[in-house]
Amino acid sequence: MIPISRRPLLGLAAAAAATAAMPREAHAADRFVYANNSNFDTLDPHVVFDTARVAVRLNFYDGLYRWVDNPPKLIPWLAESHETSADGLDWVFKLRRDVKFHDGSPMTAEDVVYSIERILALNLGAAPLFRPLLEAGATTAPDAHTVRFRLKEPSAIFGSLVPDITVVNSKLVKRNERDGDWGRAWLARNVAGTGSFRLRRYDPAVGFIAQRFPDHFAGWGPKYLDEIEFRTVLETNTRVLGMIRGDYHGTDGYMTPDQIDRFRASDTVQILEQESMRVFHFCIHNARAPMNDIHFRKALVHAFDYDGFINDVLKGSVVRNPTIIPNNMWGAPQGLEGYKFDLDLAKAELAKVQAPLRPITIGTLAGFSETEQAASVFQANLRKIGIEARIESAPWPTVSSRMRNKDQQYDMVPYWKSTYYADPNNWLGELYGSRYLGGGNVSYYSNPEVDQRIERALVSTDQEERQRLNEEAARMVFDDAAGVWIYNTKWFGPYSKRIAGIRFCPVGSGQDMRWAHFA
Amino acid sequence: MKRLELILSRLLWLVPTLIGLGVITFAISHVIPTDPVAILAGENATAEQIAALRTQLGFDRPLPVQLLAYFQDLLRGDMGVSLFSQQPIAEELATRLPATLELTFAAVLLASVLGIPLGVVSALRRNSAIDHALRIVTVSGLAIPSFWLAIQLQYLFAMQIGVAPLNGRIDGFGPEPVTGLMLLDSLLQWDWESFWGALRHIALPAITLALPAAATIARFTRAGVLEVVTSNYVLYERAMGLPGALVTWKYVLRNALISTVTQIGLIFGVLLSGAVVVEAVFDWPGLGAFAVISIIQSDHRAVMGFTLWAGAIFVIVNLIVDVLHTLIDPRSTR
Amino acid sequence: MSAPNHGFLAGAADIARRLLRDRAAMVGFTLILLLVLAAIFAPWLATHPNDVYEIHTARRLTPPGAEHWMGTDRMGADIYSRLLFGARITILIAVIAVGTAVLVGVPIGLVAGYYRNWFSDLLMRLSDIFLAVPQIVLAIAIAQTLGPSIENVILALSATYWPFWARLVYAETRSIKNETFVEAAIALGASAPRVMILHILPNIASAIIVRTSIGMGATILTAAALGFLGLGAPPPTPEWGRTIAESREYLPEAWWYALAPGIAIFLVVMGFNLLGDGLRDILDPRIRRGGRGP
């Protein structure tokens, strides 16, 4: 149990006691400092589900299984193994017996049941992944080390979702519940996990410091980090300069090549390069005129200067990705070539458009200058074929919430579709499947032929069939020019040269610190 | 007593002013199309999920009902909780206030230490080369864009010379919070390393804020001293070195600094409601940063809480300034 | 200010003469003149006028040289040319935002200052409320609701600036209302609007002019800060604050990127401040030098 970091204005009396009770921080030189591009307004693992704050879920908490390495693979974690019933509805997980929470109490099946019920009840974070599959009360604990999930329908992807059932200490959380809030107010400021690190200090305006949890069930290698700090540094340039100065030992690995070049030029930073699964594309609002006309969309896909953008702006650091499914993910259509930049072709397509043309709006992400640069490249070329494009920059929360509203969604939005779970459905299904309309399908694309394949792929247990279905559906979406797909990101992880042992996985974006150590 | 009357009437007006401010802010924060519920629910949320959440949070009620509920809570001293962190707004504000307070104190102190002597020298050597040079300096000080200055200072002192840190309040979390003011806390705990660290961190943001403030203070001081000394030639002579100079200075400064003190008060009030740009450039974990993130995410109650805080500070500082005026200059009690 | 207005034109000529003798004010005037000239003749002065909307990704971040006098930006556009066109935006924002604030604030201040009743109080408290709304909150709210654009920057600035003029005019009107010439006019049966417009307004005009000149500088600074925070005009608008914000990711290597727009903002604001100072010395010696805010 960690006291919250509150800053009383006048608490002189309590000061002495507090100072005595807390061990001093490790000396700054021994602490790993990560500059995070987003703020940690809550530490609750069940209410947020974004990459920006994944460090909380990975370092304080554990899931039943865990994603590691690249390409991502699932390894047993809190659970040792699982079995699935013949009808695909019953999933039974055997838990490890040696797992302890940070307060020393043992983790049992009861905690897993409480955690999944909490996710479903709060209905935030990863809940949308589980709610279609699990009813409240459908998870049971036959014994202290067995958990049984009874699904509503067979699911091919449930196995890839279990890492996101992060387990909290049910007794501790229950003690801190207030008016049936599932301990939300308390868990926002405190940690009740089994994870590799335990919370030492937290300030929502600054970040957190965590200490290694020596009793972690997975044990520790010969070298490890004793203390880690995740600090909020919103400005890209400050993160870059801070890395170069040696203030930080790690930061996000999806910066523009301009920034990577600066890192490479410095003698303090090493760049770990990895294939990733994060497709950069312009999402198109397929349900609004004139984008609901395939000819207009074809004009769009031929009006983006792919080579100019990739070679000049991104300095050839990434490779073209013709569809929404990352090239290195199974299910990506084989041998498919992406659309070519050809303004004459674009003009010809535009001539076939029936609906009157109008200025189109591109929503870009403030603070992610690459989206603005991509939009500027697009804007300049669209202008040449007679389409006026307006760029509206807004912070991600704003853009994201507008995207989810059919009327407010911009005409186009350039952004990255990240990996939440390593299955083609993460990209193709979520963005173009009708079942996700009003949810993840922000392209408002709907095609029964595509749906049929996506639906089948979601329940089929035959891997070969699933691959074929995804490839077919991806080709259909491609033929419909439902988006402007540009490239698959590489991960260029900037880390201090003093750091070794970073184990990158596209799901965790290199923020899982349990394997890292000072060289 | 006209003065008392003024104070009382202004205090009475404080309530309707804050209510008006509350209504305006409420309206503003609710016309924003950004849907906080959608942000809260996350990127993968479904439409039904968002709808359910909206009902649960009471965001589907008519706006006037929500506004009334807000004021009812406010009357009980409850500013509500942040939608995202689930923490009471009062606590969220209190968490960030010390950072802003400390920066404000540092900037105002620095500005006064620089501005007042410069203004006095300028006045006493009126139309000399020094006066002209100082005039250029003060006019420039008011014309430099603070965000540009902040960036340049960062490169010069953090990257080139390397004497100051880039950003933040301290490395790590600093001394255990007592008052929350890091410089003070580290002194109280005899922690010189933290004190030095905090001082180095606060230097650049404080300088950025202090420069225009010092220019303002210098200009007002110059005008004030000029007014006093030119209106009384004997005084001028004495101040310039004749016997009894010290006593004279006390008199001159007390009367000359009236408007300077007023200005310092106003600057203090402005900075207390969050120096957004400077806090953003230096990642200063203060109120300004909180206000920006809250309004971007449409965290209604947080936005309302911040605005009411800023508004109250504004009204109170103005009231104090006006009262000071009546104390010093009876003519302004009209 | 006990004399009623007379010989307005002669007065203006006198003011111009005295301004010409004030070296600092003339420097300020020259700077503003340069800004206006740059704005008007931007298409002819620019070496790459099309770079306001055209991009050349192959020429990104070129240092200053014969082809690009001030270098190029992240999209390969000519910074010098964009700087000139940026002058237009600066003028546009300053003039319209301050103009609107004056047009709204002055009548309100006049009315509130002329009458002494609950309505005056109400008007002034209303202006207090608007003054108390944090500008940044309002600016972000407007940008999120109506989209970030120049028009909306202007809207946000005017909405928070008018109370400054309202308060100024209120105080001036109050103090002048008891003067003999105003009381005489009222005694002679002049209507209230007539007294306000013909007798009071001309006599407080100098204070308004001084405030407006200083206010222009402050407005340009605030507008640039909003551009810097990403709340201003969208790309490819060559707004100066925005350019500085863009440049951050390339500093200090691309040192030329933020230099010119930073200096441009500085000089223009200084120009308005110097002119405002000069005007104040001549028109309204009672007001002391100093003060930021519009």
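## Basis of the model

Residues are numbered from 1 along each chain as its sequence is written, while chains are lettered from A and ligands numbered from 1 in the order in which they are written. Because the model is predicted, local features need pLDDT of at least 70 and side-chain atom pairs count only at pLDDT 80 or more, whereas totals for chains, interfaces and linings use all residues.

## Chain A as a whole

Chain A contains 17 helices and 19 strands; helices (H or I, at least four residues) and strands (E, at least two) are DSSP runs, numbered from the N terminus. Its C-alpha atoms fill a box of roughly 75 × 55 × 45 Å along the principal axes. The radius of gyration of chain A is 24 Å, which agrees with the value near 24 Å for a compact globule of 519 residues. This radius is taken over C-alpha atoms, and the globule rule is 2.2 Å times the number of residues to the power 0.38.

Of the 519 residues in chain A, 57% are buried. A residue is buried if 20 or more other C-beta atoms lie within 10 Å of its own, exposed if 12 or fewer, and partly exposed in between, with C-beta atoms placed from the backbone. Among contacts in chain A with a separation of 6 or more, 70% join residues 24 or more positions apart; two residues are in contact if their C-beta atoms, placed from the backbone, lie within 7 Å. The unreviewed UniProt entry places "domain: Solute-binding protein family" at residues 73-434 of chain A. That span is 29% helix and 23% strand, and its end C-alpha atoms are 28 Å apart. UniProt positions are given in the numbering used here, feature names are shortened, and annotations may be inferred rather than shown by experiment.

## Two places in chain A

Trp182(A) lies in the loop between α6 (170-175) and α7 (184-187) of chain A. Trp182(A) counts as buried because it has 22 C-beta neighbours inside 10 Å. Beyond its neighbours within four places in sequence, Trp182(A) is in contact with Arg118(A), Ala121(A), Leu122(A) and Glu177(A).

Helix α14 (residues 396-403) of chain A is largely enclosed by the rest of the structure, because eight of its eight residues are buried. Trp396(A), Arg402(A) and Met403(A) are among these buried residues. The cover over the buried residues of α14(A) includes β14 (360-365), β15 (389-394) and β16 (412-417) of chain A, α2 and α14 of chain B, and α6 (135-146) of chain C.

Chain B is divided into domain 1 (2-75) and domain 2 (98-332), with bounds from an automatic or database domain assignment. The C-alpha centres of the two domains lie 33 Å apart. Their contact takes 18 residues from domain 1 of chain B and 15 residues from domain 2 of chain B. On the domain 1 side, α1(B) gives the most, with 13 residues.

Between chains, 43 residues of chain B are in contact with 57 residues of chain A. On chain B, α2 (36-41), α3 (47-57), α5 (89-124) and α14 (287-296) each supply at least two residues of the side that touches chain A. That side has 22 nonpolar, 15 polar and six charged residues. In these classes, Ala, Val, Leu, Ile, Met, Phe, Trp, Tyr, Cys and Pro count as nonpolar, Asp, Glu, Lys and Arg as charged, and the others, Gly among them, as polar.

## Chain C

The unreviewed UniProt entry marks residues 24-46, 89-115, 136-161, 213-234 and 254-276 of chain C as "transmembrane region". Residues 136-161 of chain C are 88% helix and 0% strand, with end C-alpha atoms 13 Å apart. Residues 213-234 of chain C are 73% helix and 0% strand, and their end C-alpha atoms lie 28 Å apart.

UniProt also lists "domain: ABC transmembrane type-1" (unreviewed entry) at residues 87-276 of chain C. This span is 83% helix and 0% strand. The contact between chains C and A takes 20 residues from chain C and 24 residues from chain A. The chain C side has ten nonpolar, four polar and six charged residues.

## Nonpolar cores

A nonpolar core is a set of buried Ala, Val, Leu, Ile, Met, Phe, Trp, Tyr and Cys residues joined through C-beta atoms within 7 Å. The largest has 276 residues, and Ala107(B), Ile140(C) and Trp165(C) have the most contacts inside it. Helix α9 (residues 192-231) of chain B gives the largest share of this core, 20 residues. Apart from this core lies another, of 73 residues, including Met277(A), Trp396(A), Tyr432(A) and Val450(A).
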